[in-house]
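Q: I am new to this structure and would like to learn how to read it. Could we go through it one feature at a time?

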Amino acid sequence: MPDTTGASSAAASYKTAGVDIEAGDRAVELMKEWVKKTRRPEVLGGLGGFAGLFDASALKNYERPLLASATDGVGTKVDIARQLGVYDTIGHDLVAMVMDDIVVCGAEPLFMTDYICVGKVHPERVAAIVKGIAEGCVLAGCALVGGETAEHPGLLGADDFDVAGAGTGVVEADRLLGPDRIRTGDAVIAMASSGLHSNGYSLVRHVLLNEAGLALDAHLDGLGRTLGEELLEPTKIYSLDCLALTRTAEVHAFSHVTGGGLAANLARVIPDGLHAVVDRSTWTPGAIFDLVGTTGRVERLELEKTLNMGVGMIAIVPEESTDVALTTLADRGVDAWVAGEITDRGDHATGAALVGDYAG
């Protein structure tokens, strides 16, 4: 038998193993007020059940409802939040990553669930994260119907955390957007990003923090704020803007610019035989993109396949719908412009390409 004479005489418990159930319960109490703000009339019950409930009879008004679903996380941007001790913005990023994928097909966001994994439950921190998620859900027009907070001592440090989420939306079958609708001559409308959004942070952190050794509290030329504030700028949530656009103008497709960059994501919605040409000279990327490129000597093509370069969402519309589309977006405070057009594929190997040089 093993010798246990030197073992501690203290009784083992879940708490001594690193999991504090009471702290988790307090976190739930702190987050309830924020989750309540996301409530839609179709939501049944409250926070604390084993499953979130959504009244599907609301879909009876649809002729042929199609459910759209997506799941995503925020990636290593969470480490910037951890270092700065700012936890109430990262949830905006999570909602944007999930719900702006859903709206691409024309679907209305309905509800979302989240998963927060921590090394140690700090109730106020968890509540701050959920606050950001709830605020993001309000901006996307969806309900936050439930979630999970998991404590993983021994696997994560006491201050480490990660977030992920899943969402569901609905679209009428005959209003489904995508490649089948796109035609030669359609206009490519770009919607400005709020910054880096939530992609490419492994490159950004490597270049700016690890290699260049820049401090998050440093004030750098062109940013107009600290580096940390720039890196933690929440991802813009376009869901309601895109839905408004479908109500005022004919829209053939959307493309959410995330990991892989503008050209690669745009190519995902371009049908065989057609090609999207995007003119770089129609906009000037923000200073953060130049900072990453020059500091790390990152080639332009590498930047463009990693970062959004200032464009977070694309709408493809018939040329005759361009004016009303731009007016709708402007009225909603969205900076947008015609960035290109749809042409025949010809000899192009891919469905989309950037041409020319950036303005400025």
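Q: In which hand, left-handed or right-handed, does H7 pass H11?
A: Please keep in mind that this is a predicted model. H7 passes H11 in a right-handed crossing.

Q: At what angle do the axes of helix H7 and helix H11 cross?
A: The axes of helix H7 (residues 239-248) and helix H11 (residues 322-331) cross at roughly 140° and come within 10 Å. H7 and H11 are therefore described as oblique to each other, since only an angle over 145 would count as roughly antiparallel.

Q: Which residues of H7 and H11 meet?
A: On the H7 side they are Asp241, Ala244, Leu245 and Thr248, which meet Val324, Ala325, Thr328 and Leu329 in H11. The residues of this contact divide into 5 nonpolar, 2 polar and 1 charged.

Q: How many bridges join S8 to strand S10?
A: There are 4 bridges between S8 and strand S10 (residues 311-317), and the two run antiparallel. Within this pairing, Ala253 has Ile316 in S10 as its bridge partner.

Q: Which residue in S11 is the bridge partner of Ala190?
A: The partner in S11 is Trp337, and the pairing to which they belong joins strand S7 (residues 187-192) to strand S11 (residues 336-344) by 5 bridges, in the antiparallel sense. Strand S9 (residues 274-279) also pairs with S11 over 5 bridges, again antiparallel, and in S11 it is Asp344 that stands opposite Leu274.

Q: How many salt bridges does the structure hold?
A: In general, side chains of opposite charge can pair when their charged atoms come close. This structure holds 14 salt bridges, and one of them is formed by Lys77 with Asp93, whose closest N and O atoms are 2.8 Å apart. The pair links distant parts of the chain, with Lys77 in helix H2 (residues 77-84) and Asp93 in helix H3 (residues 90-102), 16 residues apart.

Definitions and conventions:
Residues numbered from 1 in each chain as written. Predicted model: local features only at pLDDT ≥ 70, side-chain atom pairs only at ≥ 80, totals over all residues. Heavy atoms only, no water. Pairing = 2+ DSSP bridges. Axes fitted to C-alpha atoms, helices over the stretch in contact; angles between N-to-C directions. Parallel < 35°, antiparallel > 145°, perpendicular 65-115°, else oblique. Left-handed = near helix turned anticlockwise from the far one by under 90°. Contact = heavy atoms within 4.5 Å. Nonpolar A, V, L, I, M, F, W, Y, C, P; charged D, E, K, R; others polar. Salt bridge = Lys/Arg side-chain N within 4 Å of Asp/Glu carboxyl O.
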